[in-house]
Amino acid sequence: MASTHVKRYKRELLQQPDYYPTGKRTGNFSTTRAVYLSTSAFHLSSKPQNHRLKLFLVSSPLPYPRGSEEPLLGKGELKDWNCKTLATVEPNIRVPFAAPIFNAAVISMASTSALSQHPSSKSSPLQNEERKWMMQDTEQRDADPEQEEISPYSLLTVKIIKMTNAHQADFLSQSDCYVSLWLPTASDEKFRTKTIKNCRDPVWNETFYFRIQRKVKNILEMTVSDDDIIRDDDHAIILFDVAKISLGKRVTMAFPLNPQGREELEVEFLLESIQDHPEAIVTNGAVVCRELACLEVEFDSRVKKKHFAENELMFTVRGSFEETQRVSLGSGSRSPLPDPTLFHYAKYKQPSLDVVLTKKRKLPSFCACVTCRERRSRSIPLTLPLKSLPSEQEAVSKHRKFDLLLKAKKCQEDLDVRLGFDLCAQEQDFICKRKKVVAAALKDILQLEEDLEDDEVPVVAIMTTGGGTRALTAMYAHLLSVQELNVLDCVSYVTGLSGTTWTMANLYEDPDWSQKNLKKTLDDVRRHVLKNKFLACFAPDRLKYYLKELCQRKQEGHQISFTDLWGLIIESMFRDKEDSQKLTDQQQALNRGQNPLPIYLSLNVKDKISDQDFREWVEFTPYEVGFLKYGAYIRAENFGSEFFMGHLMKKIPESRICFLEGIWSSVFSLNLLDAWYISVHSEDFWHKWTRDKITDIDDETLFPKRPNELETRVVCPTDSFSDIFRDVVTLRPAASEIPNFLKGLQMNNNYMESGFSKWKDCELDSQPNHLTGAADYLILIDTAFVFATSYPPLMRPERKVDVILHFNYSSGSQTGPLKEASKYFAKQGIPFPKEVPDDQETPHLKECYIVGEKESPETPIVIFFPLVNDTFREYKAPGVRRSPSEMAEGDVDVANSCGPYYINNLSYSEEDFDKLVNLSYYNVQNNKDLILQALRAAVERKKQQKKQQPLQKPPPPGGDGMGVPNRVASQHLPNCSAVEKMK
């Protein structure tokens, strides 16, 4: 009978709003990491109708019980509803599971019952807060049972039962198996079972509890490991989507780890709905920003204990932005108290404050043994759960050596990260202005009789590829030729990567560059390309300048890497003096819509993972920097600053443009695996040695497949030799590491059905625990190593690009980048021309192709300009043949990868520079009719779409959460100049 009551009490306790289970129980009801908060009310009597009791734990943690041992209690008091003391428990007393006083077992973790209300606080005492909560709890229990089904919180119970036919990892004995559990969306700690030594069929029967938020994607990782002396070996990792479990349903699963060896892990799951206070959540359908809180810790200025000889306190809040902070304390009574210590943490993610006090003995000791060292430096641990701290009120934690003032505060609701797949307000405002310029230009060059309305103006873009100095030079010539055709004013976007970012960054120093003749700019570039780069970049005065700039950058708080030095070298190669321009300064070139909007492209990768297995597009504009995949963007001036859970934590001065050029064209971030892929366009050979083996083990009879659920997988890690091999071939010694502005964000439970799905293109996208939100830093590299074109930003559906002028500067196959883009976007389901030219089928390429004109209206028209020498050999201008003495000027070798224009050549001769410029300029001029044909077709498309579209009412603000983020409870749009227009 007592056992029945215990189960009932256990269930009621776990469903308390302020109760935070964070780990496991072994045996009957013991646990290694559970916290019973003082504000949790629960039945303890063997007769539930007699009393409703509270337990106050006032001691610091004691050693955790293991196995079937009876749990330990710290010193505490058992009180009834009227706060009358019924019993007192002394420290280190073992409480049997069926104790006569109460039928429950608890663990001696530090609780907020050790916190008393600050005397000067105007708020009610903490006991009143507890009574207030208990009344709320009673009201919740009397509420409609259907309300529990809509609660976003659940209690996940995971019972690790047993394992059969365990893999023998040791030569002389069976494996020493244990299972570890990791659910980062619920807790920042990993939990594990006990180790069963030398057993082929270990049995654990250990239960773990996780409090989860169902609006985020909860992927439980269960790792089966062999316990070794030097390093534990991970045998298999199970990735299980908690969304597969239905509320209130108990499910037992046998996960096949190795079907050939009939190796299985048996686990039981139970998901129950629980009630809690509402959490303010912001989401765009792909990522979720949960509620952020701030903890302020300081010493009580009115109370300082005597004989205070300690010299350092270490505070830790796991999973917080600050993580661990050390505070030095003076030994004298007159020494000043340290400033308050702040922690920013996820409010509803089971946070706790760990305090370690280190004290040193005054008497000297000449013994160097371990025991004496421990006596000289002892740690006094103290753990305080943060969940039950009263909001915006001070509480006191009393210790015999010191008193702490704790205050949990709310953080500002407005985010510093914009969550939304739509264009930012500034870019929308720019497009409105630019359309007026484009409409006038199209009317002129197409000789239209009537003015174009806004919805009849096509969006035209220039897309460029990388190619070092060759790309820099040829792009200037192409832009000059487009300008003289009066087509440049028809362009709304210019995208670039690698070498073409040098051209773009130089052009946008002038706010009116597209309105001025580019011949003068081209003459200035000619001087820089011809000069000796070694003397210009490595003169003694330049080396001193590099050192000064890097030291200053370090003092500002930036992470220094070789990429920063490369950016300074680029500045010396193509500029005469220090360039103070920043990315945000380019907004001056857009404020009237007078120039196209520049978009710079980079790639985010991960350490020890192939670029083909993980890559994410990162776009840079003068307004924003962000991820296409996540729909998450920050202001351009905040790039390089430190963020946490969508909030700006530490502002760092904006970088000069040369340092960004170093990132966009970082040739030194290449690793051995990249070089192999560039050579043979395949990584199959390396995957055998470097990639983990992943197997889908979903049982559709048990869990019918649903769109928002991820498949259950087993990951078999590589062996030690393969790990070393992978570390070598994926090493990037010169890659730049930038503070991750997505740090702390979690994935939405339905993220696969959001805008994320358009850019899902690698294996790691199905493992949300390991996506960018979990990383501290971004590793940004040159996009050209993986993807030769800068198409991705233009293919965002929100930009609605109709015509793209593709200028190719890549070496090798001239049609390869276009074919690669066509295959990629077809796989992603993004409209793009499918019929593209192939130089393997047509060795003799023409100067210009139009593709996509006859495909669906959603497909952009691409005007493709390969870098080839066709009719230029015989014509010096359209329709003007060369004389015999001029034939040598038409001999331009752009096809030879080892010729004068090979990618590693940073300086050209006068003849080679002039030839490349003249060829690029001629190829555009000679195909003016094709350009006008494509523009005219785009205008006709827009008019047809306007006729076919029925009148539609504008969508309500917020819509489906794709453009403007959806906030649960309240929503504030980011501060933008044109935010009212966006509404």
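Modeller: We shall take the features in turn, with the general idea preceding each case.

Modeller: This is a predicted model, in which local features need pLDDT of at least 70 and side-chain atom pairs count only at pLDDT 80 or more, while totals for chains, interfaces and linings use all residues. Residues are numbered from 1 along each chain as its sequence is written, and side-chain values use heavy atoms, with hydrogens and water left out.

Biologist: How many helices and strands does the protein have?

Modeller: Helices (H or I, at least four residues) and strands (E, at least two) are DSSP runs, numbered from the N terminus. The protein has 18 helices and 46 strands.

Biologist: What percentage of the residues is buried?

Modeller: Buried means under 20% relative accessible area, exposed means over 50%, and partly exposed lies in between, with a 1.4 Å probe and protein chains only. Of the 983 residues in the protein, 56% are buried. The accessible surface, which comes from the Shrake-Rupley method with a 1.4 Å probe and, for residues, counts only the protein chains shown as cover, amounts to about 43,100 Å². Carbon and sulfur atoms hold 51% of that surface.

Biologist: Which strands form the open sheet, and in what order?

Modeller: Two strands pair if DSSP finds at least two bridges between them. Here six strands form an open sheet with antiparallel pairing, in the order 11-10-13-14-37-36. Its edges are strand 11 (191–192) and strand 36 (693–696), each of which pairs on one side only. Within the sheet order, strand 14 (residues 233–241) and strand 37 (residues 713–716) are joined by three bridges in the antiparallel sense. Ile238 stands opposite Val714 of strand 37.

Biologist: Which residues touch the most other members of the largest nonpolar core?

Modeller: A nonpolar core is a set of buried Ala, Val, Leu, Ile, Met, Phe, Trp, Tyr and Cys residues joined through side-chain atoms within 4.5 Å. The largest one has 159 residues, and Leu442, Tyr493 and Tyr791 touch the most other members. Helix 5 (residues 468–484) gives the most to this core, namely nine residues. Another core, of 35 residues, lies apart from it and includes Leu156, Met163, Ile212 and Met222.

Biologist: Which residues form the nonpolar patch on the surface?

Modeller: Patches are made of residues with over 30% relative accessible area and no salt bridge; like charges are joined within 9 Å, and nonpolar side chains (Val, Leu, Ile, Met, Phe, Trp, Tyr) within 5 Å. Phe534, Leu535, Phe538 and Leu543 form such a patch, with about 440 Å² of accessible area together. Leu535 is found in helix 8 (residues 533–537) and counts as exposed because its relative accessibility is 59%.

Biologist: Why does Gln350 count as buried, and what is its phi?

Modeller: Most residues other than glycine have a negative phi. Gln350, however, has a positive phi of about 55 degrees. This residue lies in the loop between strand 22 (341–346) and strand 23 (352–360), and Gln350 counts as buried because its relative accessibility is 11%. Ser498 also has a positive phi, near 50 degrees. Ser498 is placed in the loop between strand 29 (491–496) and helix 6 (500–507), and is buried at 8% relative accessibility.

Biologist: How many salt bridges does the structure hold?

Modeller: Side chains of opposite charge can pair when their charged atoms come close. A salt bridge is a side-chain nitrogen of Lys or Arg within 4 Å of a carboxyl oxygen of Asp or Glu. The structure holds 48 salt bridges.

Biologist: Which parts of the chain does the pair of Asp188 and Lys349 link?

Modeller: The closest N and O atoms of Asp188 and Lys349 are 3.1 Å apart. Asp188 lies in the loop between strand 10 (177–182) and strand 11, and Lys349 in the loop between strand 22 and strand 23, 161 residues apart. Asp188 is partly exposed at 35% relative accessible area, whereas Lys349 is buried at 13%.

Biologist: Which residues are linked in a network of salt bridges?

Modeller: Glu427, Glu619, Arg796, Glu798 and Arg799 are linked in such a network.
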